[in-house]
Amino acid sequence: IGVSPDLSSVSGDPVPVFPDGTVPSVSSDGLLVSLAGVKQEDRRLVWVDRTGQLQGMFGKPQIYFRSPSVSPDGRTVAVGNMSAGFSREVTSLWLHQQTTSQPVPLAAGSGDAPSWSPSGEYLAYNGVTPDRTFALFVKSTTNTNEPRLIAKKLFSNSTPSWTPDGRSLIYVSEDDLWIVAADVGATPHRLLEKASH
């Protein structure tokens, strides 16, 4: 494509220069700089050993993976997946096993930062309520029951953590560290102010 000296018009047909490149920048002498792109549909979860050696692929390809969490038995990986773009409205949770992948049914259709309970029976995750409030949810991994809303909170990228007995959750909200029983209607209690995360 040609550009007029006053930048008011262009001419010619577009020609691919770097098909998978992202974030391009052109210098005054015409040098193009671009990040080497990766086709999102080709992304896979992989197992590696402690030396970094690839042990195999896991599950099926997805467009985007976020916050992978391995189940206590090591057989399933829960991940956040932004399948239609980088927007929280389309974030969902998926369960990946050795050769299969399936979505987790979520009440509000949005979830991220999954965390397995010690028993592997539940996933805690950051989600969004129908009224667009960020919240902490718990979802059973063994049935199709609706997720339980545990606590409403300010947005945080931090992954919730279970206590060793699996009865309570620790999470970040308002820059503080909170704990709440993993039951609907439980009252959260502040553990630490201005938590670093």
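**Group meeting: cores and sheets in an all-strand model**

I start with the largest nonpolar core, which has 12 residues: Ala 124, Leu 136, Val 138, Ile 150, Ala 151, Trp 162, Leu 169, Tyr 171, Trp 178, Val 180, Ala 182 and Ala 186. Strands β13, β14, β16 (168-173) and β17 (176-181) each give two or more residues to this core. A nonpolar core here is a set of buried Ala, Val, Leu, Ile, Met, Phe, Trp, Tyr and Cys residues joined through side-chain atoms within 4.5 Å. Buried means under 20% relative accessible area, exposed means over 50%, and partly exposed is in between, with a 1.4 Å probe and protein chains only. In soluble globular proteins, nonpolar side chains tend to be buried together.

A second, separate core has 9 residues, among them Leu 93, Leu 123, Ala 135 and Phe 137.

Before going on, a word on the source. This is a predicted model, in which local features need pLDDT of at least 70 and side-chain atom pairs count only at pLDDT 80 or more, while totals for chains, interfaces and linings use all residues. Residues are numbered from 1 along each chain as its sequence is written, and side-chain values use heavy atoms, with hydrogens and water left out.

Now the overall picture. The protein has 18 strands and 0 helices. These are DSSP runs numbered from the N terminus: helices are H or I with at least four residues, strands are E with at least two. Of the 197 residues, 35% are buried. The protein exposes about 12100 Å², and carbon and sulfur atoms supply 54% of that area. The areas come from the Shrake-Rupley method with a 1.4 Å probe; for residues, only the protein chains shown count as cover. Taking contacts between residues at least 6 apart in sequence, 28% join residues at least 24 apart. A contact means heavy atoms within 4.5 Å.

Next, a sheet. Four strands form an open sheet in the order β11-β12-β13-β14, with antiparallel pairing. At its edges are β11 (111-116) and β14 (148-152), and each of them pairs on one side only. On average, neighbouring strands here are turned by 25 degrees against each other, direction ignored. The axes are lines fitted to C-alpha atoms, for helices over the stretch in contact, and angles run from 0 to 180 degrees between N-to-C directions. Two strands pair if DSSP finds at least two bridges between them. β13 (residues 134-140) and β14 pair in the antiparallel sense over 4 bridges. Ala 135 has Lys 152 in β14 as its bridge partner.

How many aromatic pairs are there? The count comes to 1 aromatic pair. The rule is that rings of Phe, Tyr and Trp (its six-membered ring) pair if their centres lie within 6.5 Å; planes under 30 degrees apart count as stacked, over 60 as edge-to-face and the rest as tilted. The rings of Tyr 125 and Phe 137 have centres 5.4 Å apart and planes at 10 degrees, so this pair is stacked. Tyr 125 lies in strand β12 (residues 122-128) and Phe 137 in strand β13, 12 residues apart. Tyr 125 is buried, because its relative accessible area is 1%. Phe 137, at 6%, also counts as buried.

Then there is another open sheet of 4 strands, in the order β15-β16-β17-β18, again with antiparallel pairing. β15 and β18 are at the edges with a single partner strand each, so one side of each has no neighbour in the sheet. β16 and β17 run antiparallel and are joined by 6 bridges. They form a hairpin with 2 residues between them, and Glu 174 in the turn has a positive phi of about 55 degrees. Leu 169 has Val 180 in β17 as its bridge partner. On its other pairing, β17 is joined to strand β18 (residues 189-192) by 3 bridges, also antiparallel. There, Trp 178 stands opposite Arg 190.

Which residues of β17 are on the covered face? They are Asp 176, Trp 178 and Val 180, whereas Leu 177, Ile 179 and Ala 181 are on the uncovered one. In a regular strand the side chains alternate between the two faces of the sheet.

Thr 163 is in the loop between β15 (161-162) and β16. Is Thr 163 buried or exposed? At 13% relative accessibility, Thr 163 counts as buried. Apart from neighbours within four places in sequence, Thr 163 is in contact with Pro 118, Ser 168, Ile 170 and Ile 179.
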